[in-house]
Amino acid sequence: VKQMDEVISGLPNKWFDTSPRFDELQKSFMSYVFNKKDKGGVGLKRPLIAITFDDGFRSDIDLVYPEFKQRGITGTSYIWTDRTDNYAGAMNPDDLINLKLNGWGIECHTRDHLRLAELSDQEIHEQFQAVNQDFERYGLPLPQHHALPFGSGGNVKRVQDIVMQYRKSCRNIHSNSSGIYNDWDTIDFSALNARSADITDANPHVVDLRKSDIDLTVEEKGILILIVHKVSLETNGQYEAKLEHLLSVVDYAIEKGMKFVTLDEMYERVKEYQNVVN
């Protein structure tokens, strides 16, 4: 009762005319939840983690999905649609639909995996239009989020501007991210910071680096985005992650109480939070 009194006391004057103003009630209630956690609220401004997988490799559904499902978490796959149509090592449309139906994020990584900064404006538009057509052909909803191939264009305004005409967010890569994590209040959806989790037997020390990133993100109540490419039981190449090492990072984030989200879940949570506090 005391907590509800606090909610009601935060309502604006003249909340009642002939009927309650439910939009104001919702805003006041959410403000209480976000800002009064020390007085019993849930505290939804919390550390989030999004594990993202580039290119649409079959390992997303064959190796990673069963492990994530067992842990009750989901990830986001950024799809290079030319691979979906033409590469045996990629997920097919049925795989993508299966993941989507099980809560996975299925998003955009361009049609042809080209460096956007090297393309004309028209060619960039054509890449996004082609991806939209491919998703419609697959029977999937249009993607809402984008990951830059090679990180190209992450610091180029004309590229960012075109990307944001088609998508709600654009994810950078490790080398052109401006920080380790994303802040709830200052997050830049046109240039999301991300860290690589392509960890092999050749660079096992990266496990500890990513655990340190998790510690910092938890301490600052931020949002950590990790990038993975092909996942293997035994790694063979540069853009790969050994499943054992990836799960070591994942289990550490679970141990630290991080909330796992898809990119779209992250976006919606942050937008709701910003609408309340602003």
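# Loops, cores and helix packing

Reader: Where does Thr110 lie?

Author: Thr110 is in the loop between β3 (105–108) and α6 (121–138). Helices (H or I, at least four residues) and strands (E, at least two) are DSSP runs, numbered from the N terminus.

Reader: Before we continue, what kind of model is this, and which pLDDT limits apply?

Author: This is a predicted model in which local features need pLDDT of at least 70 and side-chain atom pairs count only at pLDDT 80 or more, while totals for chains, interfaces and linings use all residues. Residues are numbered from 1 along each chain as its sequence is written, and side-chain values use heavy atoms, with hydrogens and water left out.

Reader: Back to Thr110. Buried or exposed?

Author: Thr110 has a relative accessible area of 1%, so it is buried. Buried means under 20% relative accessible area, exposed means over 50%, and partly exposed lies in between, with a 1.4 Å probe and protein chains only.

Reader: And what is phi of Thr110?

Author: Phi of Thr110 is near 75°, a positive value in a residue other than glycine. Most residues other than glycine have a negative phi.

Reader: Which value does phi take at Lys221, and where is that residue?

Author: Phi of Lys221 is near 55°, also positive in a residue other than glycine. Lys221 sits in the loop between α8 (205–220) and β7 (223–228). With a relative accessible area of 34%, Lys221 is partly exposed.

Reader: Let us turn to the whole chain. How many helices and strands does it have?

Author: There are 10 helices and 10 strands. Of the 278 residues, 50% count as buried. Among contacts with a separation of 6 or more, 70% come from residues 24 or more positions apart; contact means heavy atoms within 4.5 Å.

Reader: How many residues are in the largest nonpolar core?

Author: The largest nonpolar core has 47 residues, and Phe53 and Phe68 have the most contacts inside it. Helix α9 (residues 243–255) supplies the largest share of this core, seven residues. Apart from this core lies another of 18 residues, including Leu48, Leu192, Met266 and Tyr267. A nonpolar core is a set of buried Ala, Val, Leu, Ile, Met, Phe, Trp, Tyr and Cys residues joined through side-chain atoms within 4.5 Å.

Reader: What does Phe68 touch?

Author: Not counting residues up to four places away in sequence, Phe68 touches Ile51, Phe53, Ile73, Thr74, Gly75, Trp104, Leu247 and Val250.

Reader: At roughly what angle do α3 and α9 cross?

Author: The axes of α3 (residues 59–71) and α9 cross at roughly 25° and come within 12 Å. That makes α3 roughly parallel to α9. Axes are lines fitted to C-alpha atoms, for helices over the stretch in contact, and angles run from 0 to 180 degrees between N-to-C directions. Angles under 35 degrees count as roughly parallel, over 145 as roughly antiparallel, 65 to 115 as roughly perpendicular and the rest as oblique.

Reader: Which residues meet there?

Author: Leu63, Val64, Glu67, Phe68 and Arg71 of α3 meet Leu243, Leu246, Leu247, Val250, Asp251 and Ile254 of α9. By class, this contact of α3 with α9 has eight nonpolar, no polar and three charged residues. Ala, Val, Leu, Ile, Met, Phe, Trp, Tyr, Cys and Pro count as nonpolar, Asp, Glu, Lys and Arg as charged, and the others, Gly among them, as polar.

Reader: How about α8 and α9: at what angle do their axes cross?

Author: The axes of α8 and α9 cross at roughly 20° and come within 10 Å, which means that α8 is roughly parallel to α9. Val207, Arg210, Lys211, Ile214 and Asp215 of α8 meet His245, Ser248, Val249, Tyr252 and Ala253 of α9. The residues of this contact divide into five nonpolar, two polar and three charged.

Reader: One last residue. Where is Phe57, and what does it contact?

Author: Phe57 is in the loop between β1 (48–54) and α3. At 9% relative accessibility, Phe57 counts as buried. Leaving aside neighbours within four places in sequence, Phe57 is in contact with Arg83, Tyr87, Gly89, Ala90, Met91, His229 and Lys230. Phe57 and Val231 are 174 residues apart in sequence and 8.1 Å apart in space, C-alpha to C-alpha.
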